[in-house]
Amino acid sequence: MAKPTRSTGNPQDSAEPPVTFNRTERALAFMIGGIIILGLLCFVAMIIMWLTAPTAQGAMPWPVVMAIPLFGFPIAMVLVFTLLGITWTRRARANRTAR
């Protein structure tokens with residue numbers, strides 16, 4: 001299991017308890033962000049391609065560029081739900097031990 005990062009201070013003494021993220025959550029968050037940014041960049045590239053050279057759709061890089069959002073966005077959604085599940089599970093365990 002991934003090791004959580006250490007928080008500074010006692011959470012019971014401060015008004016806002018420090019938020020700790022483990023490596024798995026951080027890696028999932030960066031993967032989600034990267035996939036979404038890559039998909040949006042591919043959308044922009046497709047729009048520019050359709051406006052400038054509409055006959056170039058069959059040329060080599062464009063089928064790959066068009067396929068990235070088709071596969072990337074569903075994968076990103078699955079990773080978002082996975083991240084939510086991991087976060088909710090961690091918080092539920094923390095609330096159970098705090099009682």
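What covers the buried residues of α1?

1. A word on the overall picture. This is a predicted model, and its protein chain has 2 helices and 0 strands. Of the 99 residues, 17% count as buried. The chain exposes about 7700 Å², and carbon and sulfur atoms supply 70% of that area.

2. Start with α1, which covers residues 23–52. This helix has 30 residues and reaches 43 Å from its first C-alpha to its last, close to the 44 Å expected at 1.5 Å a residue. Its buried residues are Glu-25, Leu-28, Ile-32, Gly-39, Cys-42, Met-46 and Met-49. To return to the opening question, what covers these buried residues includes α2.

3. Now look at α2, residues 61–98. Its 38 residues should span 56 Å at 1.5 Å a residue, and the end C-alpha atoms are 54 Å apart, which agrees. Buried here are Val-65, Pro-69, Gly-72, Ala-76, Leu-79, Leu-83 and Thr-87.

4. An α-helix has 3.6 residues a turn, so residues three or four places apart point the same way.

5. Is Asn-22 buried or exposed? Its relative accessibility is 9%, so Asn-22 counts as buried, the cut-off being under 20%. At the start of α1, a side-chain oxygen of Asn-22 reaches to within 3.3 Å of the backbone nitrogen of Thr-24. A polar atom of the Asn-22 side chain also lies 2.9 Å from the backbone nitrogen of Glu-25, and Glu-25 is itself one of the buried residues of α1.

6. Phe-81 belongs to α2, and because its relative accessibility is 53%, Phe-81 counts as exposed.

7. Finally, a note on contacts along the chain. Among contacts between residues at least 6 apart in sequence, 50% join residues at least 24 apart.

Key: Residues are numbered from 1 along each chain as its sequence is written. This is a predicted model: local features need pLDDT of at least 70, side-chain atom pairs count only at pLDDT 80 or more; totals for chains, interfaces and linings use all residues. Side-chain values use heavy atoms; hydrogens and water are left out. Helices (H or I, at least four residues) and strands (E, at least two) are DSSP runs, numbered from the N terminus. Buried means under 20% relative accessible area, exposed over 50%, partly exposed in between (1.4 Å probe, protein chains only). The expected span of a helix is 1.5 Å times one less than its number of residues. Contact means heavy atoms within 4.5 Å. A polar contact is a pair of N or O atoms within 3.5 Å; within protein, one must be able to donate a hydrogen and the other to accept it, and residues adjacent in sequence count only if both atoms are side-chain atoms. Accessible areas come from the Shrake-Rupley method with a 1.4 Å probe; for residues, only the protein chains shown count as cover.
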